[in-house]
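Q: How does one read a metal site and a ligand site from a model?
A: Take the two sites one after the other, with the structure in view.

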Amino acid sequence: MSKKKPLSQGQRRRMRANHEKRLQRKDAGDAVTELQDSSLGPEQLGTVISRFGQHADIETEAGQLVRCNIRRNIQSLVTGDKVIVRLANETTATIAGVVEAVHPRHSSLSRPDLYDGIKVIAANIDQILIVSSVVPSFTTQIIDRYLVAAEDTGIVPVIILNKIDLLTAEEAPEVEAALKRYQAIGYRVYQVSSLDGSGVDSIKALLKDKVSVFVGQSGVGKSSLINALLPDAELLTGDVSENSGLGQHTTTTARLLHFPSGGDLVDSPGVREFALWHLPAERVGWCFVEFRDYIGTCKFRDCKHKNDPGCAITAAYEDGKIAEDRYNNYHRIIDSLDEQRHARHFRNDND
Ligand SMILES: Nc1nc2c(ncn2[C@@H]2O[C@H](COP(=O)(O)OP(=O)(O)O)[C@@H](O)[C@H]2O)c(=O)[nH]1
Ligand SMILES: [Mg+2]
Ligand SMILES: [Zn+2]
């Protein structure tokens, strides 16, 4: 943020007067409109770095970080949103501008919410980096679950295998074969070690000019990888919480950070926990990208793609056009979603 010039007497007087007015309006219960149109500068483009309740930290195109109020008519505002802001001509103690409007999103990440049904947690993400690892164990089941969740959002997924320093000669052929299968159906795959740094430069190139999120199970090395790419990430988060006095929120709200080597990261515990929550079976099938050619060509409309007569997916699998591993993982996902649904019904029945 830019350095502040010392205030003139007139400025001080106006600030005091504004402060009085603000307090009065707070009494009237209308803090959001405390900045009047006449005291706001021209409209400009900004990006939501972080959202805290009625406020948002906005980065202007000039690279200035400003804490803003949010107009009441704005329904939803999350990290990554592109917005129109107007900066206050005089900055009050905490608020430097107003978010006037939000541009349409080209993508969004959401999660189920106890109160709102589905809650958007980040917007305008370009790629979802699915981090997996050879330790504790390499599993395509988990990767496929993340791939389905990513495909459902329409955001491009990329697979990152971390901890390759721990990949044994014994395990290597199976892991390599699995990664080749993903490449064969169009996914990019990166092998890295955040510990010894191998492959990290290729990740830097991947991140450039994009807004990325890292997702994956606990323990795969997301934090380690992010630290390798963004050595001062902690510093940056600490910075904002100090200024805002809202430090407790910084751990839960998503935040947009700039990689020194280019590109942006949107991160929060919630973002990292992005997962497959609930999808209808047909949607899961569509999220298996190599199934798409066959979807709609099965004999029966409600085909379960298992032992159903005239199933085009099963035929493709038997022809070797769909990998066995993927075919099996599809059915595992369908079964697990069914179980979840039953569990939920059971709970509801007993509530
Ligand atoms: N050998 C090795 N260990 C790693 C690597 N990356 C992370 N780890 C270790 O894996 C553990 C989990 O890493 P962490 O970054 O906390 O995973 P997260 O839960 O996904 O954030 C830690 O003990 C890390 O030191 C790596 O590339 N190689
Ligand atoms: Mg971590
Ligand atoms: Zn079928």
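Predicted model: local features only at pLDDT ≥ 70, side-chain atom pairs only at ≥ 80, totals over all residues.

Q: Which atoms coordinate the zinc ion (ligand 3)?
A: The zinc ion (ligand 3) is held by SG of C298, SG of C303, ND1 of H305 and SG of C311, at 2.1 to 2.4 Å. Along the sequence, these donor residues follow the spacing C-x4-C-x1-H-x5-C.

Q: Why is the arrangement around the zinc ion (ligand 3) tetrahedral?
A: The ideal angle for four tetrahedral donors is 109.5 degrees. Four donors count as tetrahedral if all angles lie between 85 and 135 degrees. Here the four donor atoms subtend angles of 102 to 115°, so the arrangement is tetrahedral.

Q: Are C298 and H305 buried or exposed?
A: The cut-off for buried is under 20% relative accessible area. C298 has 12% relative accessibility and therefore counts as buried; H305, at 12%, counts as buried too.

Q: Which residues come nearest to ligand 1?
A: There are 15 residues around ligand 1, and D165, S194, G219, K222 and S224 come nearest. By class, the shell holds three nonpolar, nine polar and three charged residues. Helix α5 (residues 222-229) gives the most to this shell, with three residues.

Q: What polar contacts do oxygen atoms of ligand 1 make with S193, V220 and S223?
A: An oxygen atom of ligand 1 lies 2.8 Å from a side-chain N or O atom of S223. For the side chain of S193 the distance is 3.2 Å, and for a polar backbone atom of V220 it is 3.4 Å. On its own ligand 1 has 580 Å² of accessible area, of which the protein covers 70%.

Technical notes. Residues numbered from 1 in each chain as written. Chains lettered and ligands numbered in written order. Heavy atoms only, no water. Donors = N, O, S within 2.8 Å, 3.2 Å for Na, K, Ca; no water. Tetrahedral: all angles 85-135°; square planar, octahedral: opposite > 155°, others 65-115°. Buried < 20%, exposed > 50% of the residue type's maximum accessible area, 1.4 Å probe, protein only. Near = heavy atom within 4 Å. Polar contact = N/O pair within 3.5 Å; in protein donor to acceptor, adjacent residues only side chain to side chain. Areas by Shrake-Rupley, 256 points an atom, 1.4 Å probe, with all protein chains shown as cover. Helix = DSSP H or I, 4+ residues; strand = E, 2+ residues; numbered from the N terminus. Nonpolar A, V, L, I, M, F, W, Y, C, P; charged D, E, K, R; others polar.
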